[in-house]
Amino acid sequence: MATTILLPAPVASSAIRIGQLLTDPLNPDVESFVNEHDSFPLRAPSIQTGFQETISRDGSGRFIERQSHASNATSILIQADQMTHTTLRDPLSAFRYTSRRASSQSYLHKAALRRQPLYFVTATQRITNPRFEAKNDTTLASEKAQVRRQDSGVSLNEQDSDVIYAVELRKVFCRVGSPEEPQRPNDAGYAYKHYKLQGEDELQLAVGFGQPVTVTEFRALVSLASDSDYTDESADSSDFEDEEDEGCMCCASSISNAAYRRY
């Protein structure tokens, strides 16, 4: 089941895109990858007008989950003209298509050499004309959201008509090794695809697509207190249209030219 994760601060709607690879979910403009020309099949968006939801904000101004029990938390009422939840129809096939393209494999290869975990954006929740009201803090009236980050917190005094306030992420891990290298305990839960490295007969690039990031894991990642998970239905399966492979600048892909072919 996919897990919707509340961001510690809302971001501009252009900052995070479905199909984007991230090294740091809190700073999507830093060492991220997205192909501007890719368009993935999506499930029909879930749209809620007159949206409202109560969350919490910690002492540093960061948004935390609904059921947070942080002692210094302030209850925040989010109201928006509309909430739109958009998700990939088939996350695995979309990731396979992304990972085998020439434009992304250099990025994945560098992540493998750094042994750096990555995150693949499979869904976003966007709110239009958001308003935030502190329910137990008389110093904060109803205000507009500021999407510019300040020490991972948020000041609610700048208007932005369209922001992303929650996402769904899948874990990604890449490594370079021998084709005969046995699986490791850490590989559990990852579906790997292997690519031949150009000019290397003894090494290959292994690209693993993992499980959804849970709320608990995300809170640990961003140094926030753990909260209760809440889930949404996982994406259903559907094959994509065929398209020719771009080839690879750093790898000779072992995948066939049928784009989005199920692994």
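Me: Where does Glu31 lie?

Reply: You'll find Glu31 in the loop between E3 and strand E4 (46–57). Keep in mind that this is a predicted model. Glu31 has a positive phi of about 50°, although it is not a glycine.

Me: Why is Glu31 called partly exposed?

Reply: Its relative accessible area is 43%. Buried means under 20% and exposed means over 50%. The 43% of Glu31 falls in between, so the label is partly exposed.

Me: What makes Arg115 count as partly exposed?

Reply: Arg115 has a relative accessibility of 45%. That lies between the cut-offs of 20% and 50%, so Arg115 counts as partly exposed. This residue sits in the loop between H2 and E7. Arg115 is not a glycine either, yet its phi is positive, at about 50°.

Me: How do you know that Glu168 counts as buried?

Reply: Its relative accessibility is 2%. Buried means under 20%, so Glu168 qualifies. The residue is part of strand E10.

Me: Why is the aromatic pair of Tyr190 and Tyr192 called tilted?

Reply: The structure holds 8 aromatic pairs. In the one formed by Tyr190 and Tyr192, the ring centres are 6.1 Å apart and the planes make an angle of 40°. Centres within 6.5 Å make a pair, so 6.1 Å passes. Stacked needs planes under 30 degrees apart and edge-to-face needs over 60, so 40° leaves tilted.

Me: Are Tyr190 and Tyr192 buried or partly exposed?

Reply: Tyr190 has 22% relative accessibility, so it counts as partly exposed. Tyr192 has 5%, which is under the 20% cut-off, so it is buried.

Me: What sits over the ring of Tyr192?

Reply: That would be the charged end of Arg175, 4.9 Å from the ring centre. Elsewhere, Phe95, Phe120 and Phe209 form one aromatic cluster.

Me: What makes H1 mostly covered?

Reply: Of its 9 residues, 8 are buried. Among them are Pro91, Phe95, Arg96 and Tyr97. The buried residues of H1 pack against strand E3 (21–22), H2, E7, E10, E11 and E12.

Me: Which residues touch the most other members of the largest nonpolar core?

Reply: They are Leu21, Leu108, Phe120, Val172, Cys174 and Leu205, in a core of 21 residues. Helix H2 (102–114) and strand E10 (162–177) are among the elements that give two or more residues to this core. H2 provides the largest share, 4 residues. Nonpolar side chains tend to be buried together in soluble globular proteins.

Me: What is Leu108 in contact with, leaving aside its neighbours within four places in sequence?

Reply: Its partners are Leu21, Ser99, Leu118, Cys174, Leu205 and Val207.

Me: How many helices and strands does the protein have?

Reply: There are 3 helices and 14 strands. Of the protein's 263 residues, 49% count as buried. Taking contacts between residues at least 6 apart in sequence, 74% join residues at least 24 apart. The accessible surface is about 12500 Å², and carbon and sulfur atoms account for 44% of that.

Me: Which elements have the lowest and the highest mean pLDDT?

Reply: Strand E13 (residues 231–232) has the lowest, 33, and strand E7 (residues 118–128) the highest, 97. Residues 138–158 have pLDDT below 50, with 61 contacts in the model beyond near neighbours in sequence. Over residues 225–263 the pLDDT also stays under 50, and the model has 120 contacts there beyond four places in sequence. For the protein, the mean pLDDT is 77, and 72% of residues reach 70 or more.

Terms used: Residues numbered from 1 in each chain as written. Predicted model: local features only at pLDDT ≥ 70, side-chain atom pairs only at ≥ 80, totals over all residues. Heavy atoms only, no water. Phe/Tyr/Trp six-rings, centres within 6.5 Å; stacked < 30°, edge-to-face > 60°. Buried < 20%, exposed > 50% of the residue type's maximum accessible area, 1.4 Å probe, protein only. Lys NZ or Arg CZ within 6 Å of the ring centre and 35° of its normal. Contact = heavy atoms within 4.5 Å. Areas by Shrake-Rupley, 256 points an atom, 1.4 Å probe, with all protein chains shown as cover. pLDDT = per-residue confidence, 0-100. Core = buried A, V, L, I, M, F, W, Y, C linked by side-chain atoms within 4.5 Å.
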